[in-house]
Amino acid sequence: MRQETLTAAAAPEIGLDTFLDGIWKENPTFVTVLGMCPLLAVSNSVQNALAMALATMFVLVMSNMAVSLVRNVIPSQVRLVAFIMIIATFVTVAEYLLQAISLELHRALGAFVPLIVVNCIILGRAEAFASKNPVIPSILDGLGTSMGFLLAIFTMGAVREILGSGSFLGFPLFGDNFEPWVVMILPSGGFFVLGVLMLGVNRLNAWLKAETR
Amino acid sequence: MLRTLIGVAAVAGTLIVVVFQLTLPTIKANKAEALRRAVFDVLPGARKVVTFKLEEDGSLAPLTGDDERAVKYYAGYTEDHQLIGVAIEAQGQGYQDVIKVLYGYAPAEQHIIGMKVLESKETPGLGDKIGKDRVFLANFDKLEARLTEGDATLQHAFEVVKHGAKKNPWQIDGITGATISSKAVGKLLNASAPRHLPPVQKNMSRLKEGK
């Protein structure tokens, strides 16, 4: 987190890079490895993964904005309490909205919507970025980071649903002869896919680094 | 310090209350709609539903408005007001958490004619088949639920047997790999049916009338 603060302070102009950093260079899943709990738990289908990513995006952008707005009036001793209160508020709002949009989706996500409160990505961004930067960059940072999370959880959801249920977004992809790899939609499948994806991303980053050198 | 915290809390609280009030009608409508759809699912052929409530003296009375604590019986009728059956909610402990189901009972034939899982947290891919597996759900298209003389209790309790071992009309063909979850469904039906089917039989005239 300290390094992030430094980069944020070192770069005077904040714009597109703030947004893009969250997607790849500081991807919350593959680089900072935060928010593993929802990532592993609800990536068993594309639909669940997308719903989780959008709920997280809503909470992250709104809380980043709110934290940034009040950053100058919150005494630093109580900042974490105040941040958590802000985050919890938006999570509660997100939960009601989700229930109003689709009860089925709310049921599928189960306990993981309220648990967005303790998603380290969100408190991490509030503390490392939004509490030190103006509103617009904070919103951009929230959008970028949640896009990074969406990218990761969507990939996991797609791999797990295609292999584990033989479908994509609920549409069957293969004929009746396809035997689903049930393990993929169970928790252990989540760890397998995450491990393989992390290996891939790290390899790719190492290769990119060697290329630029 | 205290003032800031109180300020943040006040704004947060107001926001939550506003959103709660705004979304409440939609959420309630969604829940009612989900239940209504489930009632039509477990009572094939039904076009209209009248909700009844079990009174303390054991009689059934039509429920107007909403009563969250009441034991509800959803009577389904055809277009020309013939009683098809009654849908009843039941719940019991599953493998992970409580399983909630809705089942349809045809009082004339004394059969269960449909079952739908409303809520379950059974293992995806294994236990959650109780709500998806077509062979398992076909058990409940016609499952004998005959009451004893005098409508006291079930003649035969439901019995979950190994897949393919079903011999009697009151037996439920279980799912291989989801033994605990299939048995849980049998168990919760066994707990619910002896309690809720006798009032249905005793109040048949009321139910047929639909008022």
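This is a predicted model: local features need pLDDT of at least 70, side-chain atom pairs count only at pLDDT 80 or more; totals for chains, interfaces and linings use all residues.
Chain B contains four helices and nine strands. Read along the sequence, these elements follow the pattern α-β-β-β-β-β-β-α-β-β-β-α-α. The C-alpha trace of chain B spans about 70 × 45 × 30 Å along its principal axes. Chain B has 211 residues, of which 32% count as buried. Among the contacts in chain B with a separation of 6 or more, 56% are between residues 24 or more positions apart.

Seven strands of chain B form an open sheet in the order 2-1-3-4-5-6-7, with antiparallel pairing. The edges of this sheet are strand 2 (60–62) and strand 7 (143–144) of chain B, each of which pairs on one side only. Helix 1 (residues 2–42) of chain B packs on the sheet and touches strand 1, strand 3, strand 4, strand 5 and strand 6 (111–119) of chain B. The direction of helix 1 of chain B makes about 150 degrees with that of strand 6 of chain B. Helix 3 (residues 179–202) of chain B lies across strand 1, strand 2, strand 3, strand 4 and strand 5 of chain B.

Strand 3 of chain B is joined to strand 1 (residues 48–54) of chain B by six bridges, and the two run antiparallel. In this pairing, Thr51(B) has Tyr74(B) of strand 3 of chain B as its bridge partner. Strand 3 of chain B is also joined to strand 4 (residues 83–93) of chain B, by five bridges and again in the antiparallel sense. Here Gly76(B) stands opposite Gly85(B) of strand 4 of chain B. Strand 3 and strand 4 of chain B form a hairpin, with five residues between them. In the turn of this hairpin, His81(B) has a positive phi of about 65 degrees. Strand 4 of chain B pairs in turn with strand 5 (residues 98–106) of chain B, antiparallel and over eight bridges. The bridge partner of Val86(B) in strand 5 of chain B is Tyr105(B).

The interface between the chains brings 20 residues of chain B into contact with 24 residues of chain A. On the side of chain B that touches chain A, helix 1 of chain B provides the largest share, 15 residues. The residues on this side of chain B divide into 12 nonpolar, five polar and three charged.

In chain A, helix 4 (residues 46–70) packs with helix 7 (residues 120–130) at an angle of about 30 degrees, with their axes 10 Å apart. Angles under 35 degrees count as roughly parallel, and helix 4 and helix 7 of chain A are therefore roughly parallel to each other. Helix 4 of chain A passes helix 7 of chain A in a right-handed crossing. Helix 4 of chain A contributes Val59(A), Leu60(A), Ser63(A), Asn64(A), Val67(A) and Ser68(A) to the contact, and helix 7 of chain A contributes Ile121(A), Ile122(A), Arg125(A), Ala126(A) and Ala130(A). By class, the residues of this contact are seven nonpolar, three polar and one charged.

Helix 4 of chain A also packs with helix 8 (residues 135–165) of chain A; their axes come within 8 Å and cross at roughly 165 degrees. Helix 4 and helix 8 of chain A are therefore roughly antiparallel to each other. Their crossing is right-handed. The residues of the contact between helix 4 and helix 8 of chain A divide into 19 nonpolar, nine polar and two charged.

Phe149(A) is found in helix 8 of chain A. This residue is buried, with 27 other C-beta atoms within 10 Å. Not counting residues up to four places away in sequence, Phe149(A) touches Pro28(A), Thr29(A), Gly35(A), Ala53(A), Thr56(A) and Ile121(A). Ile121(A) is also one of the residues of helix 7 of chain A in the contact with helix 4 of chain A. Phe149(A) and Ser68(A) lie 81 residues apart in sequence and 21 Å apart in space, C-alpha to C-alpha.

Key. Residues are numbered from 1 along each chain as its sequence is written. Chains are lettered from A and ligands numbered from 1 in the order in which they are written. Two strands pair if DSSP finds at least two bridges between them. Axes are lines fitted to C-alpha atoms, for helices over the stretch in contact, and angles run from 0 to 180 degrees between N-to-C directions. Angles under 35 degrees count as roughly parallel, over 145 as roughly antiparallel, 65 to 115 as roughly perpendicular and the rest as oblique. A crossing is left-handed if the near helix is turned anticlockwise from the far one by less than a right angle, and right-handed if clockwise. Two residues are in contact if their C-beta atoms, placed from the backbone, lie within 7 Å. Ala, Val, Leu, Ile, Met, Phe, Trp, Tyr, Cys and Pro count as nonpolar, Asp, Glu, Lys and Arg as charged, and the others, Gly among them, as polar. A residue is buried if 20 or more other C-beta atoms lie within 10 Å of its own, exposed if 12 or fewer, and partly exposed in between; C-beta atoms are placed from the backbone.
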